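Dear colleague,

Please find below the structure I am handing over to you. My notes on it follow directly after.

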Amino acid sequence: MSRIFLCALFSLSAASVSRHVINRNATSSENKIGYNDIVSATISILFLCRPEDAEPTLLLGGEYNKFLRRAFFNFIPVTLIAESRPQFNALAQFTLTRYSFIIYQNYMLIRYIRKAHRFVMVASSQPMLRSILQRTKDSPWANSYGFYILIDRRTESRGCINARSYLWTAWEYDLLSVIFLCIDPEDGIVCYTFNPYSNDTPASWQEVGRAKGRNGHPWIIFKRVYILGKEMCTDLDFDKTTTLNGYEIRLNALQVEPYLNINLNASDLEKFSGDNSEIIKILLLRLGASLSIEIYNGTIYDLGTIGPNGTLEDMLGAVSDGRVDMGMNTRSLLVLWKVRYTYPHMRSGFCVITQSSEEVSEFVKLVTFMPWLAIVIIFLVCLLTYGILARKEGYGNAWVQIIRLVVCTGILHPPKINSTRIFICMTLILLLNVNAMIQSHLSSLLTIPVFYRNIDTMDDLKKSGYTVYGPSSWRQMITEPEVKKRYVSASYDACKEHVQNSTTAACMENCLHAYYRIKDVDLHRSRMLRSVTQSYVTREDWPLFHRVNLIIQRMLQNGLIYRSRSLTFLSVVGAHYRKEKKKKTFKVMLLKQLAFCFCFLGIGYTCATIVFMVELLIGRSAPRSQNRRGIVKCKMKKTEEAKANNKSRMILAWK
């Protein structure tokens, strides 16, 4: 049965483990060490070297029959991987999840899978061992950071001749905590292991050979004699990553300002700047490693994503395939398949780029000086005042008086009734305040520009109805269903071109990187629409992952990452705010704007002339009517006086 999870509940006692002392120099046939002694030694290591607080799961692979007959597993979960592939494979569907993200998403049992911690691989040849390791890697219990014990099934006749080939095969599968148990004709049962980085090992291990590893770096083999008892566990699985002694770490890098800048004219690590590269430089110094960096020529969209066929593409694909160990660029925590993310050490977010809103015209500014409710109230007050004045002075004179009140020049012939005078006085005070407010707005009309509201929040983007462009992998960052429906996949350059050519287009972009995209054009960057956590990406089974992860965590705790990030953030955001401040501060008057002022002044003079003519006409008509009345009265008076004189003369004549 292959890849079927079994819980072996063996009730055998510890006495089943062979307790006889192994004689290194045994020559007699009775004391000759055989394969059964290898099985006993392996079970002893699994039993005595088990962590006290842990609940390990054991995986037996290959020719494990001897272990099942003599094993001491007291309530320990056991998994079996056969040396041959059966006709019926219960976990064939799971194996496909290793090669397709689409199948990975549909396989719902993944969350219930428990990784194994101890592995015993028994094989008769190197190809057979490779086959077992591959099937173990494709199984649900794969764990490259577990402890592996490799055994040659024919070690009785071969001795330890396959130690190097078996260990090298394990290293090809990124296994680091590995020992090889075999029978040495002189030393009895011995353990072999390797260190691909340096010869920094405990004193109990002795160097017995070297080979060439990555780019000629020494790949060292060590040997240790098996000792029955608890002492065997001391330094059996030691840390091999304390120092790398110049071991080469492969990275890929892509210029994404301001996170990572690349200057090809500089030398070595001086080519790289930005907070992403500064962290890598500290890692390099702490590990004592050398770097081999593959520089990509592309855009931020080329950092990689999951393609339509369910595989990782671009730079992320190079990491998942093992062509590089780690990416120098940080990535958002979006995908957790075929790669591993280091300790999250910074936060970023996604914004949208849109066209900057237009400046509010002078006419609109004039219209919007006061709210419409205030204008209606002032109009009603003026209309009421006009009605009061029209009853005493007539419609024409009342109209002129209202114009005088509006322009705050006072009125002629104020009414004699006290209540009316008080009302007119309050109207004058109201209009004085309104005129003061209008004049203050007019003073800023041509000095400080005013703009319409830009797209700054997700609600603004939702209400605007804009079409949102961006890479297909960022669609999942949008939580609003209406906005997600309007999302269209586009390339890096096409995304910006859509915004420049359309007033109803938005381009989704990393917030800090967006500053560089709009540096030379008049585009607007919104506020952060979605916050994300960023970290580095490594290949899934990288042996140095835990070491690198620990260093990044300590750097974050010590504030080194915040320091490098703050310097980058201040240089970018500071330049952007200076640009925005310059855009919205006082500006120089243009001739076009001055022409509008003179036009506005001409309209005022025209209104004043009209008012003057009206007053002149009304003033001329008033004296003419009064003169005519005076002349008529004077004529009538003279006629009456003449009649009186004639009458008196006639009376005197009769006398």
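The notes below go from the whole chain to individual elements.

This is a predicted model, in which local features need pLDDT of at least 70 and side-chain atom pairs count only at pLDDT 80 or more, while totals for chains, interfaces and linings use all residues. Residues are numbered from 1 along each chain as its sequence is written, and side-chain values use heavy atoms, with hydrogens and water left out.

The protein chain contains 20 helices and 23 strands (DSSP runs numbered from the N terminus: helices are H or I with at least four residues, strands are E with at least two). Of its 655 residues, 44% are buried (buried means under 20% relative accessible area, exposed over 50%, and partly exposed in between, with a 1.4 Å probe and protein chains only). Among contacts with a separation of 6 or more, 72% join residues 24 or more positions apart (contact means heavy atoms within 4.5 Å).

The largest nonpolar core comprises 61 residues, and Met 121 and Tyr 192 have the most contacts inside it. A second, separate core has 37 residues, including Ile 353 and Tyr 515. (A nonpolar core is a set of buried Ala, Val, Leu, Ile, Met, Phe, Trp, Tyr and Cys residues joined through side-chain atoms within 4.5 Å.)

Helix H1 covers residues 35-48. Its 14 residues reach 20 Å from the first C-alpha to the last, close to the expected 20 Å (1.5 Å times one less than the number of residues). Because 11 of these 14 residues are buried, H1 is largely enclosed by the rest of the structure; among them are Tyr 35, Asp 37 and Leu 46.

Helices H5 (residues 126-137) and H7 (residues 163-172) pack at about 25 degrees, with their axes 10 Å apart (axes are lines fitted to C-alpha atoms, for helices over the stretch in contact, and angles run from 0 to 180 degrees between N-to-C directions). H5 is therefore roughly parallel to H7 (a term for angles under 35 degrees). Where they meet, Gln 126, Leu 129, Arg 130 and Leu 133 of H5 face residues of H7 that include Tyr 166 and Glu 172.

Finally, Asp 235 lies in the loop between strand S9 (218-225) and strand S10 (248-254). Asp 235 is partly exposed, because its relative accessible area is 35%. Leaving aside residues up to four places away in sequence, Asp 235 touches Pro 202, Ser 204, Trp 205 and Arg 224. Trp 205 is 30 residues from Asp 235 along the chain, and their C-alpha atoms are separated by 8.7 Å.

With kind regards

Conventions:
Angles under 35 degrees count as roughly parallel, over 145 as roughly antiparallel, 65 to 115 as roughly perpendicular and the rest as oblique.
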